Amino acid sequence: MTSFYLMEVDHSLDYGVVANPDIGDDPAFLTGHLIGEDLPTLVFEVNFPKDARLPHFLGYEIPLVSGELIQVFKATGIDNFQIFPARLTNSETGQFWDDFFAFNVLGLIRAANLEYSDFDVLMDGGDDSEVPALLAFREIALDKDKIPSAVLMFRMAEDPGNLIVHEQLVKLLFKNRPEDGWGIDLIEVDLF
């Protein structure tokens, strides 16, 4: 049976993004919608120490991925994303990193199996059931019948901060693992 994984920033990191660029309310990187405008190189402030090797996946409101990780996404056949050039800077050390991209995943899927998940309700859904409730998951279970067979990566409509990836990507990540690792947590989610 196919497996899916929650892909998160490595929770053991002591450093990360401390300031996002000011891009206003739009575009939003966690809505699953196409960003229809060109963006200048986005500058993010980070607190990684001098000469640190950065993880390949970081940030939350505006996810960031390395160019190397983008290549693995493409090799897997994943193409439902947009990337925008980003520069990570540490103003205290004067160091910067340019091989990063702001990462917009296209598409939200209402795929949670609420019977087997553990969550808090942050906001009720709309009366017409077109708008799902906004949830904060402690434990995610997915409904396998709600995930189209060709989907390799998606954000959950019930909690758009959660990025779900197919086992094909996970296998390629392990096969192409850099010497210092990817800096990613991958947690297999239950399918019902």
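# Exercises on strands, burial and cores

Gln-95 is found in strand β7 (residues 95-105); a strand here is a DSSP run of E with at least two residues, a helix is a run of H or I with at least four, and both are numbered from the N terminus. The model is a predicted one, in which local features need pLDDT of at least 70, side-chain atom pairs count only at pLDDT 80 or more, and totals for chains, interfaces and linings use all residues. Residues are numbered from 1 along each chain as its sequence is written, and side-chain values use heavy atoms, with hydrogens and water left out.

**Exercise 1.** Decide whether Gln-95 is buried or exposed, and list its contacts.

*Solution.* Start with the cut-offs: buried means under 20% relative accessible area, exposed over 50%, and partly exposed in between (1.4 Å probe, protein chains only). Gln-95 has 18% relative accessibility, so it counts as buried. Next, look for contacts, meaning heavy atoms within 4.5 Å. Leaving aside neighbours within four places in sequence, Gln-95 is in contact with Pro-49, Lys-50, Asp-51, Leu-88, Thr-89 and Asn-90.

**Exercise 2.** Find what Asp-159 touches, not counting residues up to four places away in sequence.

*Solution.* Begin with its place: Asp-159 lies in strand β13. Asp-159 counts as buried because its relative accessibility is 13%. Its contacts are Leu-134, Leu-135, Ala-136 and Phe-137. Asp-159 and Ala-136 are 23 residues apart in sequence, yet 6.3 Å apart in space, C-alpha to C-alpha.

**Exercise 3.** Find which residues touch the most other members of the largest nonpolar core, and which element gives the most to this core.

*Solution.* A nonpolar core is a set of buried Ala, Val, Leu, Ile, Met, Phe, Trp, Tyr and Cys residues joined through side-chain atoms within 4.5 Å. Of the 21 residues in the largest one, Met-7, Leu-69, Phe-73, Phe-103 and Met-153 touch the most other members. β1, α1, β7, β13 and α2 each supply at least two residues, and α1 gives the most, with four.
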